[in-house]
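Please keep the sequence and the structure in view while reading.

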Amino acid sequence: MELNRRAGKIASSFFEIALYHSGKTSSSQSIKYASILILLGGHPCLPILIGIIGNETSPSCEKRAGPNENHTEPPRLKNRTNLNAFDLRGLNPQYPAPIMKQENATVIEHHNFQGDYRILHFAAPTVGPLVQPGQFLELQVPQLGDRILRRPFSIYKADAESVSILYKPVGRGTESMRLLNVGDAVNIIGPLGNGYPELSEGKTPVLVAGGYGNAALYLKAKELPVQGVAFFGGRSALDILCIDEFKALGWDVRVTTNDGSLGTEGLVTDAFDPWLTEQNTDVELFVCGPNPMLKAMGDRAIEHGFTAWLSLDENMACGVGACLTCVIKRKTADGWEWARCCKDGPIFESREIIWED
Ligand SMILES: Cc1cc2nc3c(=O)[nH]c(=O)nc-3n(C[C@H](O)[C@H](O)[C@H](O)COP(=O)(O)OP(=O)(O)OC[C@H]3O[C@@H](n4cnc5c(N)ncnc54)[C@H](O)[C@@H]3O)c2cc1C
Ligand code: FES
């Protein structure tokens, strides 16, 4: 009976994964669906997915948390900057496995932030202390009922007791999240993903973000030992988030909006390009936003020979590396390989990524 219940949940999850991606037509899509079919045929990662879907902490999942799981100190990514266009051996490092926990987090604050964006603040003493800048969590939307896949959100703020996300309702899951009240319990898994690496010695950090990308960069902005320029872009003034907070941390914030309602009219690259031509310093970019913006910044980094850490925004289903929904092509010394944005990323160096239409 229990087996049937779980099998039904898995089948309905894969159906939801297919629905989730039915609007996409990229050439990697067939691989993604093939991967899902392989999973249905008994991929070893299936127990992890069962645990997540069944809202249980699977033993395999705990095992994947790696040798650091009992340590209080979260694993740190060392910088990976000795890369050059002709030597890809520095790419695809073995990341320390993230410490991933599941927790019933209690909503302690939930309110409008700006425009359509909302802040959701949870008491999360298990996940909170483990968070590194650039990581995300997977949230199980309580009101969704039949739609049981979790939704991924960048961790905007975190401390020993809590985590916050900054989200914009765009569909069924995020619209349902509006209904959450203070005191409600929400199941979260996190922190997930690799997070941004440390700044390389002697480099000047530059932040570039679009829309909710600011949320993913806030903890990095706070952690960096030096403050440089932060380029923020959005459709209109209401999409430019938390600039006062970045300014308060000492960042020189430059804003562009598509409609000119705040800052310079245009794209973030319209502000970045003239600035770059005047620079003598060796810059290192930390970027989060829509994929066309990431690609534009990555192209500039490759052309000018600096490092750019790009946080990819791929649709995700399981969020923990089991379903292969989020794969991208990543360069290796011998050619390329599939990399999972949720587990191997979401942050990749610009030279690692093979962009597809
Ligand atoms: C690593 C990561 C971090 C994220 N961080 C944030 C965040 O901090 N704040 C925030 O508001 N959102 C964030 N997102 C996007 C968020 O996960 C989606 O908006 C959410 O899953 C949509 O769920 P839904 O059920 O409301 O929409 P659905 O009904 O599933 O989809 C509604 C619409 O939203 C689009 N959509 C779904 N997922 C994404 C996505 N990943 N990126 C862009 N569009 C998407 C769909 O294509 C569709 O057009 C993040 C996504 C990822 C992968
Ligand atoms: S979302 Fe399942 S492997 Fe990345």
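Predicted model: local features only at pLDDT ≥ 70, side-chain atom pairs only at ≥ 80, totals over all residues.

**The shell around ligand 1**

Ligand 1 is surrounded by 23 residues, and the closest of them are Ser154, Tyr167, Gly171, Gly173 and Thr174. Two or more residues of this shell come from each of strand S4 (151-154), strand S6 (162-167) and helix H5 (172-177).

- S4 gives the most to the shell around ligand 1, with four residues.
- By residue class, the shell around ligand 1 holds twelve nonpolar, six polar and five charged residues.

**The antiparallel sheet**

- Seven strands make up an open sheet, in the order S4-S3-S7-S1-S2-S6-S5, and their pairing is antiparallel; its edge strands are S4 and strand S5 (157-158), each of which pairs on one side only.
- S4, which also gives four residues to the ligand shell, is joined by four bridges to strand S3 (residues 136-139), and the two run antiparallel; in this pair, Glu138 stands opposite Pro152 in S4.
- Strand S1 (residues 101-114) and strand S2 (residues 117-123) run antiparallel and are joined by seven bridges, with Thr106 opposite Ala123 in S2.
- The hairpin of S1 and S2 has two residues between the strands, and Gly115 takes a positive phi there, near 55°.
- On pairing with S6, S2 again runs in the antiparallel sense, over six bridges, and the bridge partner of Ile119 in S6 is Leu166.
- Strand S7 (residues 185-192) contains Pro191, and the peptide bond that leads from Gly190 to Pro191 is cis, with omega near -10°.

- S8 and S12 run parallel and are joined by six bridges, among which Ala209 has Cys288 in S12 as its bridge partner.

- Helix H9 (residues 291-304) has 14 residues and reaches 20 Å from its first C-alpha to its last, which is close to the 20 Å expected at 1.5 Å a residue.
- Met293, Leu294, Met297, Gly298 and Ala301 are buried in H9; these buried residues fall within an arc of 130° when seen down the helix axis, so they line one face of the helix.
- As background to this pattern, an α-helix has 3.6 residues a turn, so residues three or four places apart point the same way.
- Pro292 and Glu303, on the other side of H9, are exposed.
- Gly305, which follows H9, has a positive phi, near 75°.
- Helix H6 (residues 213-223) is mostly covered, with nine of its eleven residues buried; among them are Gly213, Asn214, Leu217, Tyr218 and Lys220.

- Strand S14 (residues 327-331) and strand S15 (residues 336-340) run antiparallel and are joined by five bridges, and Lys331 stands opposite Trp336 in S15.
- This hairpin has four residues between its strands, and Gly335 takes a positive phi near 160°.
- In the loop between S15 and S16 lies Pro346, and the peptide bond from Gly345 to Pro346 is cis, with omega near 10°.

- Most residues other than glycine have a negative phi, and most peptide bonds are trans.
- Cys242, in the loop between S9 and helix H7 (243-248), has a positive phi near 50° although it is a residue other than glycine; Cys242 is also buried, with 22 other C-beta atoms within 10 Å.
- Leu324, in the loop between S13 and S14, likewise has a positive phi, near 65°, and counts as buried with 23 C-beta neighbours inside 10 Å.

Methods
Residues numbered from 1 in each chain as written. Chains lettered and ligands numbered in written order. Near = placed C-beta within 6 Å. Nonpolar A, V, L, I, M, F, W, Y, C, P; charged D, E, K, R; others polar. Pairing = 2+ DSSP bridges. Buried ≥ 20, exposed ≤ 12 C-beta atoms within 10 Å, placed from the backbone. Expected span 1.5 Å × (residues − 1). Arc of directions from axis to C-beta.
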